[in-house]
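The entries below follow the order in which I went through them.

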Amino acid sequence: ADGASLTLPRRGSGRNVRQRKMHMGTPPKIRISKLDAARRQLETAVRLYFSEADPVSIHTLTSAAYQILADINRSNGGQPMLKEQIPTWVRPDAKEESKRRLNEAANFFKHADRDHGDVLEFNSGPTELLLYDAVKKYRELTGEGVPVLAVFDAWFWLGPVADLVTTPEHQKGREQLRRAFPNSTRSSFFAEALPMVSSTGT
């Protein structure tokens with residue numbers, strides 16, 4: 001009414017702009033080794049597995065970690081991992097085909113340079129076996145007990161290969177798990193077992 005003009009600060013000016021720039025800055029870098037990367041991938045894959053989440057994501061993470069561990073293991077002169085052993089069990093003329101099948105899903109989910117129009121009939125069953133092999137090799141290479149991975153190790157004998165257990169040692173361990181976790185589902189087993197494993201530092 002008095003004719004004086006009121007100048008409001010423009011939206012996003014001054015201190016607000018500086019604050020926004022701080023929030024939008026470059027995120028901090030993470031120093032990470034190959035084994036660190038493999039552990040992170042395996043832990044995420046296991047958590048997704050027990051959540052019964054997307055099988056493609058679980059397989060992709062498992063395969064990435066598996067390759068890192070296989071390369072390090074080979075460099076260290078360690079015992080061959082499963083994917084290296086399987087081709088030795090087939091006829092010489094079938095070795096290349098067996099390798100192709102073992103890596104088919106991982107390559108399909110990673111590349112699209114020559115097969116961008118293809119569709120894969122994906123069987124997620126082998127993922128559990130590869131994940132177990134990778135978890136076992138990580139423990140062997142590092143001596144590190146990671147609780148999330150230890151829970152999957154235990155579940156593997158209780159769930160996916162329960163009917164294939166033949167050694168007295170594994171049969172005894174399976175029966176102990178069944179008594180401790182009767183009628184467990186994936187999610188309930190993880191929820192119950194992880195705090196127990198974490199408290200023991202296994």
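The model is a predicted one, so I noted its limits: local features need pLDDT of at least 70, side-chain atom pairs count only at pLDDT 80 or more, and totals for chains, interfaces and linings use all residues. Residues are numbered from 1 along each chain as its sequence is written, and side-chain values use heavy atoms, with hydrogens and water left out.

Entry 1, salt bridges.
I took a salt bridge as a side-chain nitrogen of Lys or Arg within 4 Å of a carboxyl oxygen of Asp or Glu. The search of the whole structure returned seven of them. I looked up Glu84 and found a salt bridge to Arg74, 2.9 Å from N to O. Glu84 sits in helix α4 (residues 82-85) and Arg74 in helix α3, so this pair ties together parts 10 residues apart in sequence. Helices here are DSSP runs (H or I, at least four residues), numbered from the N terminus. Glu84 is partly exposed at 26% relative accessibility, and Arg74 is partly exposed at 47%.

Arg74 also meets Asp71 in a salt bridge of 3.1 Å, N to O. Asp71 and Arg74 are three residues apart in helix α3, which means about one helical turn separates them. Asp71 is partly exposed, with a relative accessible area of 37%.

I then checked Glu128 and Arg186, whose side chains form a salt bridge of 3.9 Å, N to O. Glu128 is in helix α6 and Arg186 in helix α9, so the pair ties together parts 58 residues apart in sequence. Glu128 is buried at 19%, and Arg186 is partly exposed at 22%. I also noted that shared partners join Asp71, Arg74 and Glu84 into one salt-bridge network.

Asn73 is in helix α3 (residues 55-75). Its relative accessible area is 1%, so I logged Asn73 as buried. The side chains of Asn73 and Lys137 make a polar contact of 3.1 Å. A polar contact is a pair of N or O atoms within 3.5 Å; within protein, one must be able to donate a hydrogen and the other to accept it, and residues adjacent in sequence count only if both atoms are side-chain atoms. For contacts in general I used heavy atoms within 4.5 Å. Leaving aside neighbours within four places in sequence, Asn73 has contacts that include Glu84, Lys137, Glu140 and Leu141.

Helix α6 has 18 residues and reaches 27 Å from its first C-alpha to its last, close to the expected 26 Å. The expected span is 1.5 Å times one less than the number of residues. Among the buried residues of α6 are Glu128, Tyr132 and Lys137. The buried residues of α6 pack against α2, α3, α4, α7 and α9. Just after α6, Gly143 takes a positive phi of about 70°.

A nonpolar core is a set of buried Ala, Val, Leu, Ile, Met, Phe, Trp, Tyr and Cys residues joined through side-chain atoms within 4.5 Å. The largest one has 38 residues, and Leu42, Val46, Phe50, Val151, Phe152 and Phe189 touch the most other members. Helices α2 (34-50), α3, α6 (125-142), α7 (147-158) and α9 (186-200) each supply at least two residues. Helix α7 gives the most, nine residues. Beyond four places in sequence, Val151 has contacts that include Phe50, Phe189 and Val197.

Rings of Phe, Tyr and Trp (its six-membered ring) pair if their centres lie within 6.5 Å; planes under 30 degrees apart are stacked, over 60 edge-to-face, and the rest tilted. The count is 12 pairs. Tyr132 and Phe156 are stacked, at 4.2 Å centre to centre with 5° between the planes. Tyr132 is in helix α6 and Phe156 in helix α7, 24 residues apart. Both Tyr132 and Phe156 are buried. Phe181 and Phe189 are edge-to-face, at 4.8 Å with 65° between the planes. Phe181 and Phe189 are buried as well.

Technical notes. Buried means under 20% relative accessible area, exposed over 50%, partly exposed in between (1.4 Å probe, protein chains only).
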